[in-house]
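Dear colleague,

I am handing over the structure we spoke about, and below it I have set out what was found. Please read the notes with the model open beside them.

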Amino acid sequence: MSTATRSLPRTIGAHAVLLTYTAIALFPVILVVVNSFKSRAAIFSAPLTPPTPKTFDLIGYTTVIGQGDFIHYFQNSLVVTVASLFFVLLFGAMAAFALSEYRFRGNTLMGLYLALGIMIPIRLGTVAILQLMVASGLVNTLMALILVYTAQGLPLAIFILSEFMKQVSDDLKNAGRIDGLSEYTIFFRLVLPLVRPAMATVAVFTMIPIWNDLWFPLILAPSEGTKTVTLGAQLFLGQFVTNWNAVLAALSLAILPVLVLYVIFSRQLIRGITSGAVK
Amino acid sequence: MAAQTRPKRPFRWHIGVFLAPAVLVYTAIMILPLAGTLQLSLFRSINQAQVFVGFDNFRTLFGDPNWSVNFWNALRNNVWFFIIHMLVQNPIGVLLAALLSSPRLRFSAFYRTAIFVPTILSFVIVGFAWKLILSPLWGVAPHMLDIVGLKSLFTPWLGKEQYALTALSLISVWQFVGIPMMLIYAALLSIPDEVIEAAECDGVTGMAQFWKIKLPLILPSIGIISILTFVGNFNAFDLIYTAQGALAGPNYSTDILGTFLYRAFFGFQLQVGDPNMGAAIATMMFLIILVGVCIYLFLIQTRLRRYQF
């Protein structure tokens, strides 16, 4: 690279801007987590200093664990997210394979129909979805949430996966056909393993909004037995507004699992985004 | 590929099997309810029976001052919410992506990961964390302004009618700036080296290179980001609900279409919920989003020049 594009002041400037923004992005998160380990007096008197042995206190965490049934909420969230993710990936990949592999009448039209959901949010159908769930007796079950999130995730999954499936070599699939493999075997044994990076990208894009959603749990499954962790945290925060230790501890507990998952998946995510489909 | 002389093929059942689950779930849970919502907006429940009333619900929405004042207020706030995102979020996203994509930048993976962190957090966490930070009770915000000598500027932003909506929009920008950054970053990486080298040979470097070479090439991505921002903003609900409650206080100054829909549908305090009016509001949101998407598809996207390498 020529020296014109890499002068020292320019590099320092770039780092300064990026560092500043990184600080802005992380500051609130760090502030909440750090203060959740302090005693009430220290939270107010010195919010910007890390906990010292003198101000260290876990009272917030004991309150949260004693009060809310967070382990149960966490299980609900996990069941809903994993099940929806499984169906989105399986059904999405199957439909994407059909659309990208076979020529049949109505192929383009079907693709457009399935892509409609990318632009129009499912939330606008809430009124009718609730009636549907009431009619079928699924209100306050995790099944209702799983169905809704599956439908919500499918359009984008099909769109991204079919872009990737077009890149899988035709020769490979035809070789399989000559060897007498059925279309199902070709899909499950040959194509699916090859699009695994794309599946990871879709998984992250699908997972984050499902885990974080407040709207549908609030409307379709607000009962104690089916609360998700996001809804549970929201209600807990509402009740304990004045107990700052508990609020900060609850926030930290809600942040950590997502953060861990993100750090695990982030390399896959970035590779997936930069390798093509979502441009 | 060989020239295809197609013999008459038997019906290929496997295509149907592959498509069926996705199409069934998608149609049953997404398309039919959307259609159902549009239909419901034309009915009204009278003596516990649904009666067809034509456009009466819309006449109420626009004619009855109880509804129309709130609707226009929510729409105006929503437009302001969107303008702030376009003016703040997307330029910052482009700037960060441009800096990140500069060649041989150290720690770029770290910056990328860190700046994306707020995007993965739930609205509940974001709304509440910022509420605490901006709260005059805790005093973090005034304390920090004091360090740079600007303490006099502090007011409880979320509690004042004239600032609350802007403050919430900026919080939302803080949360979502990672998305334009990532997409623009991907677009910038996909510009071939030859184009950049050719520009350098012609003496176009630095800022001029960005404005004259790279920016035109990433315009289609900026278009997609704008329309995603538009759809997301006119569908927003969670942040306002978690930070200000369903009443979107102070005095409805942060009310947007999502919170307005929620209140109409479920009711609040003194008002009973009305699914038909809720459906009418959802229909209006549907139309607004549809108009926006159409403007983008037919007026903007067709005029964007695309370059093929």
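Into which domains is chain A divided? Chain A has domain 1 (3–62) and domain 2 (70–239), with the bounds coming from an automatic or database domain assignment. Taken over C-alpha atoms, the centres of domain 1 of chain A and domain 2 of chain A are separated by 36 Å.

Before the details, a word on conventions. This is a predicted model, in which local features need pLDDT of at least 70 and side-chain atom pairs count only at pLDDT 80 or more, while totals for chains, interfaces and linings use all residues. Residues are numbered from 1 along each chain as its sequence is written, and chains are lettered from A and ligands numbered from 1 in the order in which they are written.

On confidence, the mean pLDDT of chain A (the predictor's confidence in each residue, from 0 to 100) is 83, and 93% of the residues score at least 70. Among the elements of chain A, the highest mean, 91, belongs to helix H4 (residues 70–101) of chain A, and the lowest, 76, to helix H13 (residues 244–274) of chain A.

Chain A contains 13 helices and zero strands, where helices (H or I, at least four residues) and strands (E, at least two) are DSSP runs numbered from the N terminus. Its radius of gyration is 24 Å, well over the 19 Å that the globule rule gives for 279 residues, so chain A is more spread out than a compact globule; the radius is taken over C-alpha atoms, and the rule is 2.2 Å times the number of residues to the power 0.38. The C-alpha trace of chain A spans about 75 × 70 × 35 Å along its principal axes. Of the 279 residues in chain A, 44% are buried, a term that requires 20 or more other C-beta atoms within 10 Å of the residue's own, whereas 12 or fewer make a residue exposed and counts in between make it partly exposed, with C-beta atoms placed from the backbone.

The two chains meet in a contact that takes 66 residues from chain A and 67 residues from chain B, two residues being in contact if their C-beta atoms, placed from the backbone, lie within 7 Å. On the side of chain B that touches chain A, the largest share, 16 residues, comes from helix H1 (residues 13–40) of chain B.

A:Asn140 has a positive phi of about 60°, lies in the loop between helix H6 (126–135) and helix H7 (142–165) of chain A, and counts as partly exposed because it has 17 C-beta neighbours inside 10 Å. B:Asn251, with a positive phi near 50°, is in the loop between helix H11 (238–244) and helix H12 (257–266) of chain B, and counts as exposed because it has 10 C-beta neighbours inside 10 Å.

With best wishes
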